[in-house]
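Okay, thanks for coming, everyone.

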Amino acid sequence: MQATVQLGQDQYGNYVIQHVVEQGKPHERDAVYDRLFPHIVVLSQNKFASNVVEKMLLHCTAAQRGAIVEEFLRQPSRRWADGLCYMTVWFACITQLRAVTQQLLLLLATH
């Protein structure tokens, strides 16, 4: 699991990580999540790793999905300009529409 971030960004290795996220046992998915979460926004900007992030949004727990969405919402203006990141945020919004809507309303209220 030490090379998870590198594999996620690799042209072929990302398929391995996607497979673990889709087919792995809950503790294996949690291990992948724990390794990738600190890099989630940067990974969403990578051609290959963005696919891994999308699989995580589909197959992780609701709490993990919410944490990913919150991480994107923490830095919207700086990161969303990247096309891949934007698509991943859009995908996150679809999978977590209600929570994202509430977070966006809070964000707008404070600015």
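**Helices and how they pack**

Let me start with contacts across the chain: among those with a separation of 6 or more, residues 24 or more positions apart account for 66%. Contact here means heavy atoms within 4.5 Å.

Before going on, a word on where this comes from. This is a predicted model, where local features need pLDDT of at least 70, side-chain atom pairs count only at pLDDT 80 or more, and totals for chains, interfaces and linings use all residues. Residues are numbered from 1 along each chain as its sequence is written, and side-chain values use heavy atoms, with hydrogens and water left out.

So what is in the chain? There are 9 helices and 0 strands, and the pattern along the sequence reads α-α-α-α-α-α-α-α-α. Helices (H or I, at least four residues) and strands (E, at least two) are DSSP runs, numbered from the N terminus. Of the 111 residues, 36% count as buried. Buried is under 20% relative accessible area, exposed is over 50%, and partly exposed is in between, with a 1.4 Å probe and protein chains only.

Now H3, which is residues 26-36. Val32, Tyr33 and Leu36 are the buried ones there. They cover an arc of only 100° around the axis, so they sit on the same side of H3. That arc is taken from the directions from the helix axis to the C-beta atoms. What do the buried residues of H3 pack against? Helix H1 (4-9), helix H2 (13-23), H4, H5 and H6. On the face turned away from that buried side, H3 carries the exposed residues His27 and Asp34.

On to H5. Its buried residues are Ala49, Ser50, Val52, Val53, Met56 and Leu57. They span an arc of only 155° around the axis, which puts them on the same side of H5.

H5 has two packing partners I want to show. The axes of H2 and H5 come within 9 Å and cross at roughly 0°. Axes are lines fitted to C-alpha atoms, for helices over the stretch in contact, and angles run from 0 to 180 degrees between N-to-C directions. H2 and H5 are therefore roughly parallel to each other. For the wording, under 35 degrees is roughly parallel, over 145 roughly antiparallel, 65 to 115 roughly perpendicular, and the rest oblique. From H2 the contact uses Asn14, Ile17, Gln18, Val21 and Glu22, and from H5 it uses Asn51, Val52, Lys55, Met56 and His59.

Let's zoom in on Gln18, in helix H2. Its relative accessibility is 9%, so Gln18 counts as buried. Its side chain makes a polar contact with the side chain of Asn14, at 2.6 Å. A polar contact is a pair of N or O atoms within 3.5 Å; within protein, one must be able to donate a hydrogen and the other to accept it, and residues adjacent in sequence count only if both atoms are side-chain atoms. Setting aside neighbours within four places in sequence, Gln18 touches Asn51, Val52 and Lys55.

The other partner is H6. Helix H5 (residues 49-59) and helix H6 (residues 62-74) pack at about 135°, axes 8 Å apart. H5 and H6 are therefore oblique to each other. Val53, Met56, Leu57 and Leu58 of H5 meet Arg65, Ile68 and Phe72 of H6.
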